[in-house]
Amino acid sequence: MELPQVEHVRRRRCDSTASVPQFCNSPTMIVTVGLPARGKTYISKKLTRYLNWIGVPTKVFNVGQYRREAVQTYENFEFFRSDNEEAMRIRKACAAAALRDVATYLTKEQGQVAVFDATNTTRERRAVIISFAKERGYKVFFVESICDDPDIIAENIKQVKFGSPDYVDRDADEAMQDFIQRIECYKANYVPIDDEKDRKLSYIKIFNVGSRYLVNRVQDHIQSRIVYYLMNIHVTPRSIYLSRHGESELNLVGRIGGDSGLSPRGNKYAKALAAFIKGQNISELKVWTSHMKRTIQTAEALGVQYEQWKALNEIDAGVCEELTYEEIQENFTEEFAMRDQDKYRYRYPKGESYEDLVHRLEPVIMELERQENVLVICHQAIMRCLLAYFLDKPADELPYLRCPLHTVLKLTPLAYGCKSEHFFLNIEAVNTHRERPANVDVNRKAEDALQTVPEHI
Amino acid sequence: MKDPSPSAQLRGERPSVAAAAAAASSSSTSASTPPGAGMEDKAQASPATPRELTQNPLKKIWMPCKNGLPENYISQRKVCMTNCPTLIVTVGLPARGKTYISKKLTRYLNWIGVPTREFNVGQYRREYVKIYESFEFFRPDNEEGLKIRQQCASEALNDVRQYLTDEGGQVAVFDATNTTRERRETIIQFAEHNGFKVFFVESVCEDPDVIQENIVQVKLGSPDYTNCNTEEAVEDFMKRIQCYENSYETLDEALDRDLSYIKIMDVGRRYLVNRVLDHVQSRIVYYLMNIHITPRSIYLCRHGESELNVKGRIGGDSGLSARGKEFAKYLSQFIQAQGISDLKVWTSQMKRTIQTAEALNVPYEQWKVLNEIDAGVCEEMMYEEIQDHYPLEFALRDQDKYRYRYPKGESYEDLVQRLEPVIMELERQENVLVVCHQAVMRCLLAYFLDKTAEELPYLKCPLHTVLKLTPVAYGCKVESICLNVDAVNTHREKPENVHVSRMSAEALLTVPAHQ
């Protein structure tokens, strides 16, 4: 029988090196509900990015994608008419195919959460999904987006629909007209989740991009986190600036960690940063630093109010604090190799891992989501973690993201992702980026281990 | 022992008292800038030279200084980032859990560092009208009663204003029925006039069982009903509720769409959240959505006695002593005897708690955030050694044990921040056993028993003793179960002399005995 096997798989999944319990119970399906252009895909992608970043394996299944693969060319809105039998058959088949893939992901591929992104606007369709989930022991959580503000909808269409493969050869007006007709096709049969009839379901209804929420029957930890996240995100345009502290005295001599002050070049960078920020003309910029001297010294040069977050402190290298890589190789050879083998999960003795950092930084991310324009002055490992969240980088890439000194990264949310712009402020600094060497075996020679160490005094 | 740093050791350096003293009194290294330069620049966009930084000796926080003294306090990341204070206003018929929510919320906010106080209008009424006669006081046609109640509400609001404006309060919880739009409008105007944000918390419940249970749990014990028997009290209270029912105007999606509020329906089955304005409100909503009233118990205990405990050394990651292992066995028996349904077991990621949990032979989850407080450079030292090598630090710690941060380590204040997700999950869960450490257990206990920051670091959490916490009425019942396995005492009381110039003997007066 299937059940015992599933249990066994699940227990294995719970063996984790993470610093927080994984709260593994049944896999969860998040099911979007709403008319077109209500932000379902935006929410799906963002939520997936967040859950993956905090370590919950999550994947989006966008039924529109399946439809595009089935019907190579999109003609016009007539495809979505409710009396178009041929199309209805295709759309049903696409939904079924997507559900099959959900099952594969959750049951066979160690997925924890599957986001089923489609309109799901009829009770009938939702009933199909509920019974599908029940059969397999998945929990279901609905996320319905309701919006009647025509401006928001129009903006939405402009931002994401025009770029869609469906409208690649149309001009803006044509596309807009067609899409509006498409929405009409769904409107007639749209039955929102009903507060009375659906009172046994678990769901959140988001009204008008977050001015109001209705939350019903949150079942467990992960649903509670999802609700909290969804209630904190917004779509107001803004930019997030990420930068490291200016070059520090320990940076110069190739030592990691510690709490040293800025080098002369680092001080120059701080001033250059102040000029840069002024030039950007940002309204109401919040500035955040860590508790370490070098980020605070950098912020001081800006001459504005800043907040210190202990959570933004650099990764704790434990027994390796203030050592050079050469010294680590000499005194902790095995540790050094293990770190190269799995830099994300590797925890310094009496220190932290990148994985620990991510959990430490979760409140920072949550607050970044709430805020608007923010400049975060932090450290190499920290910046890598934050960047991985915004640019959706997986755990194995995260520890090798390039975050050089004296470079500001400007992130601006755009469509379904993030635009990133680099600004090198033209003040020389040491390179602190150590690539993964070719040989990560514990028995490697010192030269092999130290091959990728950047230069220093 | 966590030495100053391995690199320092390699260079032959030793931890020195001088370094600590230097950090405490003088400004930072670069002598090029005369102290005071760059101070004038609040008006200018950016100062000519960056301000000097000094590290606050207690909390180890870098701040700008002038003449060696800390300057304009740069804001530390506090939970509450609102500039203006917040007024939380409860709404709901009697026996809907408003006071329960108010007290719990207040406890939580204070624990995470947001100065909060509740103002229960019923209290004011009881002080005014010494003796409660009957529900007739609450009849809508009782003019005398109405006048008094209005008066009490005003007085309470007055105290709110004082708390938020003059006494450094950040959040005030105004606990009353506030069931009419008119009354709420008055409060809104009051808040606007004083520059407070308003957030309503409405509790709506029609389940007669819940209401009955509520009345039994908290109303029967109320000062209003001390001289009544149960039936009389329940009857009177039901009539009291009726007095409010006719004029009750619930928060309306349309009419009240510009207000910020959360409506809790059926004890948390459903929530309606409208216009959350800022960080504090967002945290409040998250908290309210995670609490429940299902009966359950939380068991707190430390790991069994460890080898370092025996030697009188703090921190580290040692294993259990023989007696510690004995305790683990007894703990297992105890837990089994309790017959707890569906018990979750949590440990830290340190060997001694995991060894303890292993003896229970049930699945357990490890939380890194349950790790003991990081004593930084003092890790694995005895108190005598700390006094010897870091007498200044040792004295500072005795002066303000809650805020004191070990060099390269943590403070109790840091612990509370790091434990917040544990508290949130404890609220969500039902029966849980948390096997942790002394400082961590003190923080968790302080949350459940509403202890202040001053009391927290001195709460008694001896080894080999289990604390069973059971929520009851508005608080928590505590049962202390000593499992009768001997262990060293690890509790060091605050000595009389906390001055930096004290003698060693005075500093070490309260150190518990050890090998």
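Select A:Arg444 to begin. With a relative accessible area of 7%, A:Arg444 is buried. Keep in mind throughout that this is a predicted model. A:Asp340 has 1% relative accessibility and so counts as buried, the limit being under 20%.

Now colour by secondary structure to see where the two residues sit. A:Asp340 belongs to helix H13 (residues 333-341) of chain A, and A:Arg444 lies in the loop between strand E12 (417-424) and helix H16 (446-450) of chain A. The pair is 104 residues apart and links distant parts of the chain.

Stay in chain A and select A:Arg67, A:Arg68, A:Asp166 and A:Arg182. These residues are linked in a network of salt bridges. Side chains of opposite charge can pair when their charged atoms come close. Over all chains, a search of the whole structure finds 55 salt bridges.

The mean pLDDT of chain A is 92, and 95% of its residues reach 70 or more. Residues 1-16 of chain A have pLDDT below 50, and this stretch has 15 contacts in the model beyond near neighbours in sequence.

Move to chain B and show helix H3 (residues 98-111) together with helix H15 (residues 412-428). How are the two helices of chain B placed relative to each other? Their axes are 11 Å apart and they pack at an angle of about 155 degrees. H3(B) and H15(B) are therefore roughly antiparallel, a term that applies to angles over 145 degrees.

Show side chains at the contact. From H3(B), select B:Lys104, B:Tyr108 and B:Trp111; from H15(B), select B:Val416, B:Leu419, B:Glu420, B:Ile423, B:Met424 and B:Glu427. The residues of this contact divide into 6 nonpolar, no polar and 3 charged.

The last stop is B:Asp141 with B:Arg139. A salt bridge brings their side chains together, at 2.9 Å from N to O.

How values were computed: Residues are numbered from 1 along each chain as its sequence is written. Chains are lettered from A and ligands numbered from 1 in the order in which they are written. This is a predicted model: local features need pLDDT of at least 70, side-chain atom pairs count only at pLDDT 80 or more; totals for chains, interfaces and linings use all residues. Side-chain values use heavy atoms; hydrogens and water are left out. Axes are lines fitted to C-alpha atoms, for helices over the stretch in contact, and angles run from 0 to 180 degrees between N-to-C directions. Helices (H or I, at least four residues) and strands (E, at least two) are DSSP runs, numbered from the N terminus. Angles under 35 degrees count as roughly parallel, over 145 as roughly antiparallel, 65 to 115 as roughly perpendicular and the rest as oblique. Contact means heavy atoms within 4.5 Å. Ala, Val, Leu, Ile, Met, Phe, Trp, Tyr, Cys and Pro count as nonpolar, Asp, Glu, Lys and Arg as charged, and the others, Gly among them, as polar. pLDDT is the predictor's confidence in each residue, from 0 to 100. A salt bridge is a side-chain nitrogen of Lys or Arg within 4 Å of a carboxyl oxygen of Asp or Glu. Buried means under 20% relative accessible area, exposed over 50%, partly exposed in between (1.4 Å probe, protein chains only).
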